[in-house]
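Okay, thanks for having me. Let me put the structure up, and then I'll talk you through it.

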Amino acid sequence: MSNEDITLTAGEAEARVSPANGGRISSLKIGSLELLRQGDRYGCFPMVPWCGRIRDGRFLDGGTVRQMPLNSPPHAIHGTARDGAWRTARVSENEAVITYELTDPWPHPGRVTQIVALAEDGLTLTMSVETYDDSFPAQLGWHPWFHRNLGGEDVRLDFEPAWQEERGADHLPTGNRVDPRPGPWDDCFGMPGGLDVTLTWPGQLELKVASREDWVVVYDEQAEAVCVEPQTGPPNGLNTLPRLVTPLDPLEAGTTWSWRRL
């Protein structure tokens, strides 16, 4: 199948998936409300095979030090799949399955599969990373750019993390866990037992971001958008908390965004 944009519909909800543009969700509309920022930093892109920054772009892979391109010098950020073209495997009215082949600069051949399923009251994103050969460390997650403002009051963010990863001057976690601090943030938080973050645009919409994963990065240091990023580990996690993808054990994760009008 081609990698042209895919439009999914369910009730008044409409999602657009753009396989050719990094496998991102390029639009999510509830009626007339577009929830995701458009323009240069837009939509919701998959972060895979790592999330956030890798220190100096280097990680230990077994006994080998691997070097990734420094696309956010001095670090490597957000994986490689957001820069590539994905392929469409299957589409129905309200679900799309798209795949991405891991290749250079990533050292291990493998496949990423993302399922985008739209319902009248929610969107479910599921992703898996499989290896064709050797085992390797990986992470996955999602980076949505939610509009800060939908034409009324600014969004309110509500969540109760157990801790915040202390952020060093290099923007990476120091390894210390601290009590959550007030924003604005470009920070990673721990929510053991699963993510539960609520975005409320007063008088318009409430949206809950949920996941079985324990980690979320919140980035709201810019005027236009608020990013709530579910992920399988913290920034630099390929070094500090590697999750191994093996021939028998793929890495799998999901997130559900459920909404109701106010």
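Asp187 is in strand S20, residues 186-190; helices (H or I, at least four residues) and strands (E, at least two) are DSSP runs, numbered from the N terminus. Its relative accessible area is 7%, so Asp187 is buried, where buried means under 20%, exposed over 50% and partly exposed in between, with a 1.4 Å probe and protein chains only. The Asp187 side chain also has a polar contact with the side chain of Gln164, at 3.5 Å. By polar contact I mean a pair of N or O atoms within 3.5 Å; within protein, one must be able to donate a hydrogen and the other to accept it, and residues adjacent in sequence count only if both atoms are side-chain atoms.

Quick housekeeping. This is a predicted model: local features need pLDDT of at least 70, side-chain atom pairs count only at pLDDT 80 or more, and totals for chains, interfaces and linings use all residues. Residues are numbered from 1 along each chain as its sequence is written, and side-chain values use heavy atoms, with hydrogens and water left out.

Now the overall picture. The protein has 26 strands and one helix. For 262 residues, a compact globule would have a radius of gyration near 18 Å, and the protein agrees, with 18 Å; that's taken over C-alpha atoms, and the rule is 2.2 Å times the number of residues to the power 0.38. Along the principal axes, the C-alpha atoms fill a box of roughly 55 × 50 × 30 Å. Of the 262 residues, 55% count as buried. And of the contacts between residues at least 6 apart in sequence, 62% join residues at least 24 apart.

What about the core? The largest nonpolar core has 61 residues, and Leu28 and Trp257 touch the most other members. A nonpolar core is a set of buried Ala, Val, Leu, Ile, Met, Phe, Trp, Tyr and Cys residues joined through side-chain atoms within 4.5 Å. Beyond four places in sequence, the contacts of Trp257 include Leu28, Leu36, Cys44, Pro144 and Phe146. Another core lies apart from the largest one; it has seven residues, among them Phe45, Met47, Cys51 and Tyr219.

On to the rings. How many aromatic pairs does a search of the whole structure find? Eleven. The rule is that rings of Phe, Tyr and Trp (its six-membered ring) pair if their centres lie within 6.5 Å; planes under 30 degrees apart count as stacked, over 60 as edge-to-face and the rest as tilted. Trp86 and Tyr100 have ring centres 5.5 Å apart and planes at 35°, so that pair is tilted. It links distant parts of the chain, 14 residues apart: Trp86 is in the loop between S9 and S10, and Tyr100 is in S11. Both Trp86 and Tyr100 are buried. Trp185 and Phe189, on the other hand, are edge-to-face, at 5.6 Å centre to centre and 85° between the planes. Ring pairs also link Trp50, Phe59, Trp106 and Phe136 into a cluster.

The charged end of Arg24 sits over the ring of Tyr42, 4.4 Å from its centre, and Arg177 lies over the face of Trp163, at 3.7 Å from the ring centre. The test is NZ of Lys or CZ of Arg within 6 Å of the ring centre and within 35 degrees of the ring normal.

Val112 is in strand S12 and is buried, with a relative accessible area of 0%. Its C-alpha atom is 5.6 Å from that of Ser128, 16 residues apart along the chain.

Most residues other than glycine have a negative phi, and most peptide bonds are trans. Here, though, the Pro73 to Pro74 bond is cis, with omega near 5°, and so is Asp104 to Pro105, with omega near 10°. Asp56 has a positive phi, near 55°, and is partly exposed at 31% relative accessible area. Asn236 has a positive phi too, about 65°, but Asn236 is buried, at 6%.

Notes: Contact = heavy atoms within 4.5 Å.
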